[in-house]
2 protein chains.
Amino acid sequence: MTSGTLEDALRRPFAEPGGDRVLDAARAAIEEVGIRRTTMHDIARRAGLGRATVYRRYPDRDAVVAAVLLREVRDFLAWLDGRIDHIEDPAEQTVECFVAVVTGLRGHFLLNRLLTLEPAAALPGLTADAGPVLAVARGYLAEKLRRHQAAGRLRRFDPEPAAEVFVRLAHSMLLTPSGCIPENDDAQSRAFARAHLVPVITG
Amino acid sequence: MTSGTLEDALRRPFAEPGGDRVLDAARAAIEEVGIRRTTMHDIARRAGLGRATVYRRYPDRDAVVAAVLLREVRDFLAWLDGRIDHIEDPAEQTVECFVAVVTGLRGHFLLNRLLTLEPAAALPGLTADAGPVLAVARGYLAEKLRRHQAAGRLRRFDPEPAAEVFVRLAHSMLLTPSGCIPENDDAQSRAFARAHLVPVITG
């Protein structure tokens with residue numbers, strides 16, 4: 001499988017065109033029955049491959065699951081990047097990033113399926129063990145801020161802790177959806193982000 | 001036991017002087033062996049009371065646990081209030097509130113004990129079911145902002161979503177401690193809060 005840290009893996013180029021039959025099959029199985037009830041046998045059958053072929057790529061079920069989740073995070077960031085990378089103004093980029101993230105997380109079928117289907121299995125990975133994924137998301141946003149700073153569009157400060165404020169807001173909104181921050185109406189979400197999130201980097 | 005919602009219960013005056021023997025006993029048991037292995041028998045024995053006496057107040061173990069956790073939240077907010085209520089400047093109050101909360105959560109023995117001792121039992125209450133507690137914390141902070149607005153020390157805006165940004169930051173930092181937001185050095189925490197959190201309400 002992959003070598004190096006999760007951060008390294010996440011920073012690699014996005015998945016090869018055409019995707020990966022094993023990961024697609026594993027994803028479908030997880031969505032249908034959850035992680036615990038997904039077996040290597042199921043994955044091989046759904047992928048239309050022999051079990052030996054799957055075992056040659058991944059030592060066990062947990063390794064396949066880890067690869068699926070890794071690909072999800074990479075795909076999510078790639079999707080987000082397509083929505084916000086072209087925006088030159090740091091304030092506007094922050095606003096559109098917030099709208100995209102709340103929309104994207106709310107509509108993320110696999111994530112929400114895991115949280116309702118088997119929270120006990122999913123929660124450790126989304127809390128105590130989520131440090132590396134949060135760090136990747138923070139690095140992604142910090143890189144955007146760094147680029148604005150280099151171009152003179154944003155004052156200089158360490159962009160990592162500021163980016164972490166945004167990541168942690170999304171993290172908490174994912175784990176505990178109830179709240180009063182607007183997330184179902186894009187116009188209201190934008191007004192909220194402009195008033196209270198943009199100042200985190202411009203204030 | 002208590003009637004009404006969790007929010008109502010949390011907004012009642014803080015615990016009566018002298019505390020409550022049953023809740024003290026239950027808290028000690030939970031800290032030692034966790035929630036699942038704490039029984040009504042243990043609680044009665046530790047409290048020096050008959051089991052019938054405990055059952056007269058609480059129908060079952062889960063009701064005692066809920067009352068313990070409720071008291072913890074109330075005590076935490078009372079402790080926080082003692083540290084920040086006297087501060088008149090909204091920016092300074094935000095800074096000191098951040099320092100107090102990161103210090104208080106890091107040092108919260110019961111909370112950290114539950115997260116390490118039995119995360120599977122503790123996590124749902126801290127994620128999917130944490131909405132009411134987050135709402136109480138948000139209401140507490142929003143009330144402070146409202147008071148500043150009424151006194152003309154802060155511009156007018158809906159204080160609830162802004163307060164929620166702070167609550168969710170603390171929520172995520174509690175659940176996934178690893179990060180780069182300064183929390184072990186008060187001077188650095190203050191500088192961070194001044195640069196990136198105060199603007200959430202003043203920017």
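This is a predicted model: local features need pLDDT of at least 70, side-chain atom pairs count only at pLDDT 80 or more; totals for chains, interfaces and linings use all residues.
For my salt-bridge notes I take a side-chain nitrogen of Lys or Arg within 4 Å of a carboxyl oxygen of Asp or Glu.

**Entry 1: salt bridges within chain A**

I started with A:Glu72 and A:Arg27, whose side chains meet in a salt bridge at 2.6 Å, N to O. A:Glu72 sits in helix H5 (residues 61–84) of chain A and A:Arg27 in helix H2 (residues 21–33) of chain A, so this pair ties together parts that are 45 residues apart in sequence. I checked accessibility too: A:Glu72 counts as buried at 10%, while A:Arg27 counts as partly exposed at 23%.

Next I looked up A:Arg138 and A:Glu160, which form a salt bridge at 3.0 Å, N to O.

**Entry 2: over to chain B**

Here I picked B:Glu96 and B:Arg190, a salt bridge with its closest N and O atoms 2.7 Å apart. B:Glu96 lies in helix H6 (residues 90–106) of chain B and B:Arg190 in helix H11 (residues 186–202) of chain B, 94 residues apart. B:Glu96 is buried at 17%, but B:Arg190 is partly exposed at 25%. My tally over all chains comes to 37 salt bridges.

**Entry 3: where the chains meet**

How many salt bridges are there between chain A and chain B? I got 0. What I do have there is 14 residue pairs in polar contact, both residues at pLDDT 80 or more. On the chain A side, helices H8 (119–126), H9 (131–150), H10 (159–175) and H11 (186–202) each supply at least two residues. H10(A) gives the largest share, 11 residues. By class, I noted 21 nonpolar, 9 polar and 6 charged residues on that side of chain A.

In total the contact takes 36 residues from chain A and 36 residues from chain B. The buried area is about 2,700 Å², with 66% of it from carbon and sulfur atoms.

**Entry 4: the nonpolar core**

Last, I opened the largest nonpolar core, which has 125 residues. A:Val64, A:Phe98, B:Val64 and B:Phe98 touch the most other members. I listed contacts for B:Phe98, leaving out residues up to four places away in sequence, and among them are B:Leu169, B:Met173, B:Ile181, B:Phe192 and B:Leu197.

Terms used: Residues are numbered from 1 along each chain as its sequence is written. Chains are lettered from A and ligands numbered from 1 in the order in which they are written. Side-chain values use heavy atoms; hydrogens and water are left out. Contact means heavy atoms within 4.5 Å. Buried area is the accessible area (1.4 Å probe) that two parts lose on being put together, summed over both. A polar contact is a pair of N or O atoms within 3.5 Å; within protein, one must be able to donate a hydrogen and the other to accept it, and residues adjacent in sequence count only if both atoms are side-chain atoms. Helices (H or I, at least four residues) and strands (E, at least two) are DSSP runs, numbered from the N terminus. Ala, Val, Leu, Ile, Met, Phe, Trp, Tyr, Cys and Pro count as nonpolar, Asp, Glu, Lys and Arg as charged, and the others, Gly among them, as polar. A nonpolar core is a set of buried Ala, Val, Leu, Ile, Met, Phe, Trp, Tyr and Cys residues joined through side-chain atoms within 4.5 Å. Buried means under 20% relative accessible area, exposed over 50%, partly exposed in between (1.4 Å probe, protein chains only).
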